[in-house]
Amino acid sequence: MSNNPPLQLKPRLTISVDQVQTIIRRTSPRAEVLDVAELHGGEIGTVLEIALADSPACILKAYPASLQWKMAKEVYVLGLLRDLDIAVPSVLFADNTRSVIDLNYVLMTKLDGTVLGRREAVLTDAQLFEIYAEMGVALRRINDIALDSFGYIGPDGVWTAYPSNHAYMSAQLERKLKEFCVRGGDPALAERLRDSVMARQHLLKAAVVPRLCHYDFHAGNILVTSQGDPHLSGIVDFENATSGDPLMDIAKAIYYFTAKDAPKREGLLAGYGKIERPDWQETLDLYRVYCTLELWCWMAQIGKHEALADLTRELANAA
């Protein structure tokens, strides 16, 4: 394993009501802060809900010291979605000066609803199908946004631009295979994975237009109505967004589904609509390999080594 210390996430943000009041007054000079509470969820940033007197509550999201640039990225991506007919947070204020707190943060509107993941256990198969169909419609709208080049999105757009999806994903694969070995993965398995992907590389060439991908589209980032049949009320956390193949977004969205989650998968794909590419199911399988490799590297990076054995077995089966 690598000797590098695990990446530190979710900063332990100690913030006073007076500090929050200072932040709020930058956008609402007369608003009065009533309460500040940390929200659960979100693996990278610390998310606080700010209750205000006579004004709607808002959200403050602070980013860890090692990932301060993600603040500007999220602001950039939310700007791309500003005119889209789906509910996403609006940015009220973004601050990278560290003059009030020693972290970059963004102040956003609070969307109505509850996290889907907290309702799923009591939903029927029919309800799951319907809400995931709504999610599929929304994901299609996100993916309909065309960008200029393929690549990972940074603070001001695509960080390193690639002329094709094949070039982008080939570079990503090599980078992750190298990281896999550096962090203690089996070099022989890495070579088998490389050969497996290379044998199917023609599938990567079918995506010709770079599209906006949420790339973290799961029940923890979806807000739904809190009572009765769930309906989509918001989508959050765009800090992993990329400019790439929409099928990679779908593959990541269904990555954690098991056999018992068939209503979710069927609903998502039904809502998403017809996929014109003839080899789309094989392409999803290929992207699943990449998602697994990426997750292996992430778990190793943040020190969750107990998760690596199962992921290694999945990679070995894929290879």
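Good morning. The model is predicted, so local features need pLDDT of at least 70 and side-chain atom pairs count only at pLDDT 80 or more, while totals for chains, interfaces and linings use all residues. Residues are numbered from 1 along each chain as its sequence is written, and side-chain values use heavy atoms, with hydrogens and water left out.

Let me begin with H4 and H8. Helix H4 covers residues 165-182 and helix H8 covers residues 280-301; helices are DSSP runs of H or I with at least four residues, strands are runs of E with at least two, and both are numbered from the N terminus. H4 and H8 pack at an angle of about 40 degrees, with their axes 10 Å apart. Axes are lines fitted to C-alpha atoms, for helices over the stretch in contact, and angles run from 0 to 180 degrees between N-to-C directions. H4 and H8 are therefore oblique to each other: under 35 degrees counts as roughly parallel, over 145 as roughly antiparallel, 65 to 115 as roughly perpendicular, and the rest as oblique. Contact means heavy atoms within 4.5 Å, and the residues that make it include Met169 and Phe180 of H4 and Tyr287 and Trp296 of H8. By class, this contact has nine nonpolar, three polar and three charged residues. Here Ala, Val, Leu, Ile, Met, Phe, Trp, Tyr, Cys and Pro count as nonpolar, Asp, Glu, Lys and Arg as charged, and the others, Gly among them, as polar.

H8 also packs against H9, at an angle of about 155 degrees and with the axes 10 Å apart. These two helices are therefore roughly antiparallel. On the H8 side the contact includes Leu293 and Trp296, and on the H9 side Leu311 and Leu315. Its classes are 10 nonpolar, two polar and two charged residues.

Leu189, Arg192, Leu193 and Ser196 in H5 meet Thr312, Leu315, Ala316 and Ala318 in H9. Five nonpolar, two polar and one charged residues form this contact.
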